[in-house]
Amino acid sequence: MKNFISVKDVTDINALVNKALAYKADPFRDRTLGANKRIGLLFLNPSMRTRLSTQIAAANLGMEAVVFNVGQEGWALEFEDEAIMSGSTVEHVKDAAPILGKYFDILGIRTFPSLQNKQDDYSELYIQQFIKYAGIPVVSLESATLHPLQSLTDIITITETFKEKRRPKVVLTWAPHVKALPQCVANSFSQWINAWGQADFVITHPEDYELDPAFTKGASITHDQDYALKGADFVYVKNWSTYNDYGRIYCNDPAWMLTSDKLNATNHAKVMHCLPVRRNVELSDEVLDGFSSIVTHQASNRVWAAQSVLSELLARPL
Amino acid sequence: MKNFISVKDVTDINALVNKALAYKADPFRDRTLGANKRIGLLFLNPSMRTRLSTQIAAANLGMEAVVFNVGQEGWALEFEDEAIMSGSTVEHVKDAAPILGKYFDILGIRTFPSLQNKQDDYSELYIQQFIKYAGIPVVSLESATLHPLQSLTDIITITETFKEKRRPKVVLTWAPHVKALPQCVANSFSQWINAWGQADFVITHPEDYELDPAFTKGASITHDQDYALKGADFVYVKNWSTYNDYGRIYCNDPAWMLTSDKLNATNHAKVMHCLPVRRNVELSDEVLDGFSSIVTHQASNRVWAAQSVLSELLARPL
Amino acid sequence: MKNFISVKDVTDINALVNKALAYKADPFRDRTLGANKRIGLLFLNPSMRTRLSTQIAAANLGMEAVVFNVGQEGWALEFEDEAIMSGSTVEHVKDAAPILGKYFDILGIRTFPSLQNKQDDYSELYIQQFIKYAGIPVVSLESATLHPLQSLTDIITITETFKEKRRPKVVLTWAPHVKALPQCVANSFSQWINAWGQADFVITHPEDYELDPAFTKGASITHDQDYALKGADFVYVKNWSTYNDYGRIYCNDPAWMLTSDKLNATNHAKVMHCLPVRRNVELSDEVLDGFSSIVTHQASNRVWAAQSVLSELLARPL
């Protein structure tokens with residue numbers, strides 16, 4: 001593994017999952033693997049779980065993690081080539097990234113989409129510029145269109161939870177929200193579940209919320225949430241804004257909120273969410289506080305996903 | 001000790017004080033006690049001394065401390081049960097706290113009062129929600145109504161400084177300020193000195209600044225500052241806003257500022273303050289820069305108070 | 001070395017440079033020198049390279065670094081003596097600094113100039129107050145008028161890069177910018193190159209941009225950029241605002257931007273800049289992306305400069 005930006009960087013998903021579960025069983029089994037190595041964790045927008053879990057994963061491997069909140073602690077970065085920098089951006093990624101590449105052995109970066117310019121967002125301009133200029137392995141801590149550490153966590157959690165011999169039915173369902181959110185968690189979950197190939201995967205959302213087929217290809221897609229939920233073993237709840245007419249909120253029908261009633265149609269489904277979650281908007285209290293919810297378990301697995309990925313990156317000569 | 005929220009969590013104050021003084025004499029005497037343990041330090045509002053001293057205390061015990069400024073680095077938390085989260089809060093403490101409980105072994109939290117809603121503040125809604133949902137020991141880094149690490153520090157400082165065989169006279173005096181401040185330092189100091197029971201304790205403040213009797217019960221209370229100061233061995237200076245008609249500034253008479261002249265009536269009293277202090281508003285330069293002031297000594301003891309408390313929490317199976 | 005505020009704190013520049021190069025060759029050669037020592041890194045304004053490189057330098061020496069963003073994580077400090085603190089400043093440096101001196105073994109501080117009050121700025125009020133009250137060694141992480149860690153880095157970089165037997169010609173050239181910037185990098189570079197005495201040093205800038213002669217004395221100064229660049233071995237590009245009529249932008253002629261064309265007159269000069277740099281305002285893309293630029297190399301040397309300085313400070317009894 002050279003970078004960790006999408007599922008395409010992974011040659012064997014199950015091997016990565018098993019490594020994560022081995023770390024969960026024994027967090028300090030590779031406690032010197034990262035000795036004298038440093039990871040810089042750059043945040044271009046806020047993070048709680050991703051930051052803390054990656055910091056802890058690094059420490060478990062004996063690697064020093066340095067957090068840097070760009071913008072808050074630093075200044076606005078420029079990403080456009082050939083920019084005449086007479087405006088508000090203070091430093092070009094072409095100048096910042098190579099130096100971070102000298103200071104650190106691995107670079108973790110959280111970027112975000114504009115939700116205005118689909119082409120820029122879906123070309124992953126920001127994180128690709130860091131990869132181009134840093135010269136060291138880059139780990140996505142969520143980018144404009146993907147969130148691979150979350151998706152690896154999700155497959156770890158499904159693997160751990162589902163003990164039957166058959167394939168689980170996994171449903172990704174859109175949920176209402178009050179803000180226009182990125183598509184990255186939904187894209188990434190779809191991309192990983194499809195690449196994993198060990199689940200029957202159904203996506204359900206209102207009309208106009210179609211995701212980029214580059215990620216969903218292989219899934220069944222329906223606008224009928226009730227139909228989708230039938231017999232589900234896992235229900236992943238997530239809001240996203242529109243992809244086609246980019247970054248908008250069309251239907252925001254509260255009837256799409258996941259409730260206990262709706263779960264009756266499932267096969268005692270476990271309910272997942274990447275968090276943070278808007279209670280009683282995306283998911284009812286009843287579901288989140290009930291026995292179906294595995295969101296805390298899921299979030300706690302973030303540490304082992306990150307540790308597994310960092311371990312892979314440390315195993316190759318840096 | 002299960003949590004450290006108020007003096008009620010402490011079975012033997014003097015044992016805790018003596019442990020702190022042992023750490024002061026030899027900071028690294030338990031340098032492996034916290035090996036492979038992590039404390040998360042969450043700040044819902046700013047801190048300098050508390051943050052730095054707790055971070056250092058953890059490091060002295062070989063424990064990793066991770067600082068997280070909620071709101072700045074993360075997002076606004078919701079604390080109300082059954083909230084429909086369609087407003088500005090992004091994550092419910094019911095979802096955030098359990099995950100922090102998975103990531104860390106101990107959680108330190110600084111919350112703050114609204115100074116608007118007395119009932120919410122005095123029920124310690126925020127920190128109690130964290131305790132309820134985190135599932136790991138919680139250390140108050142100052143809460144809405146109490147500041148126990150400060151109060152433990154204060155008793156350490158008095159113990160260290162006062163070498164006579166008799167009981168010291170300790171006076172808590174209200175001082176003017178420019179803002180409406182919480183009552184927590186005054187409440188907490190009163191609660192601890194009363195529970196400690198080894199001092200003659202007098203509180204003096206203008207009319208209308210009565211504190212909650214739940215904390216002051218056992219102290220002599222007077223509106224006559226000059227009378228209170230007579231023969232004092234320690235004078236603790238602190239502003240607070242009104243408790244009864246909650247969160248207001250009534251009298252802000254500059255005559256209540258502690259000056260050198262006023263100290264003449266004392267028994268060469270040592271002057272204490274939790275800091276930060278508004279110079280020439282709460283206390284005159286003359287006092288702060290003179291031989292009576294032990295505020296730097298006091299603040300430096302914050303490390304040993306925190307180390308003593310963390311040590312207690314680490315000593316029980318986490 | 002007692003503090004590290006300017007070149008005047010250094011008895012032997014070349015010894016410090018050689019120590020830095022030894023660390024560059026073997027970063028962990030003194031990995032226990034800082035055991036059980038702590039450095040506090042206080043930022044009164046933002047920093048990326050300085051913060052990260054100093055943090056890494058400390059870690060290389062086995063010393064714990066604690067970053068504190070004053071103002072963001074804390075509150076506004078007061079620096080005026082005898083202030084009646086009824087305004088917006090919350091804590092006086094007289095109270096904050098001694099406590100930081102108790103918590104840490106070394107204090108790194110980044111302050112900044114007002115660019116309004118020349119006398120306050122050039123008396124280095126802020127950092128001098130910290131030195132006066134902290135009681136421990138203070139390292140400048142850039143102050144109102146100087147940036148010694150940058151300048152030491154610059155001499156390390158020149159020493160490493162220039163292998164001829166003769167003295168290099170070093171040119172400091174003013175460049176256009178969109179904001180009024182401090183003079184500190186230019187002052188400090190001038191002060192160090194002059195004190196070093198191993199280069200022919202030329203400063204070029206438009207009329208009205210004269211620097212304080214206290215720092216430039218010993219350099220040739222000209223308003224003719226083309227003439228200055230002739231035969232240069234190193235060209236240091238930097239904007240600064242006016243010193244005499246303080247803190248202003250007079251001429252901002254784009255013709256002063258350094259371009260490849262202008263480099264033709266040099267002796268294959270290496271181009272330096274402290275970063276961040278405004279591309280196509282101070283320096284053209286062509287220069288920054290070409291073989292002449294050593295800005296990344298230069299910035300990566302920040303770690304070794306900081307490590308050399310911290311090592312010196314740790315070597316004396318703290």
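Which residue forms a salt bridge with Arg167(C)? Hi everyone, let's answer that together, keeping in mind that we are looking at a predicted model. The partner is Asp200(C), and the closest N and O atoms of the two are 3.1 Å apart.

As background, side chains of opposite charge can pair when their charged atoms come close.

Now let's visit chain A. Here Glu164(A) and Arg166(A) meet through their side chains in a salt bridge, at 3.0 Å from N to O. Glu164(A) is partly exposed because its relative accessibility is 45%, and Arg166(A) is partly exposed with 37%.

Chain B gives us another pair to look at. The side chains of Asp245(B) and Arg248(B) form a salt bridge, 3.1 Å from N to O. With 33% relative accessibility, Asp245(B) counts as partly exposed, and Arg248(B), at 45%, is also partly exposed.

Next, please find a group on your screen that brings in two chains. A network of salt bridges links Lys94(A) and Asp95(A) with Arg279(C), Asp285(C) and Asp289(C).

And how many salt bridges are there over all chains? Searching the whole structure gives 39.

Methods: Residues are numbered from 1 along each chain as its sequence is written. Chains are lettered from A and ligands numbered from 1 in the order in which they are written. This is a predicted model: local features need pLDDT of at least 70, side-chain atom pairs count only at pLDDT 80 or more; totals for chains, interfaces and linings use all residues. Side-chain values use heavy atoms; hydrogens and water are left out. A salt bridge is a side-chain nitrogen of Lys or Arg within 4 Å of a carboxyl oxygen of Asp or Glu. Buried means under 20% relative accessible area, exposed over 50%, partly exposed in between (1.4 Å probe, protein chains only).
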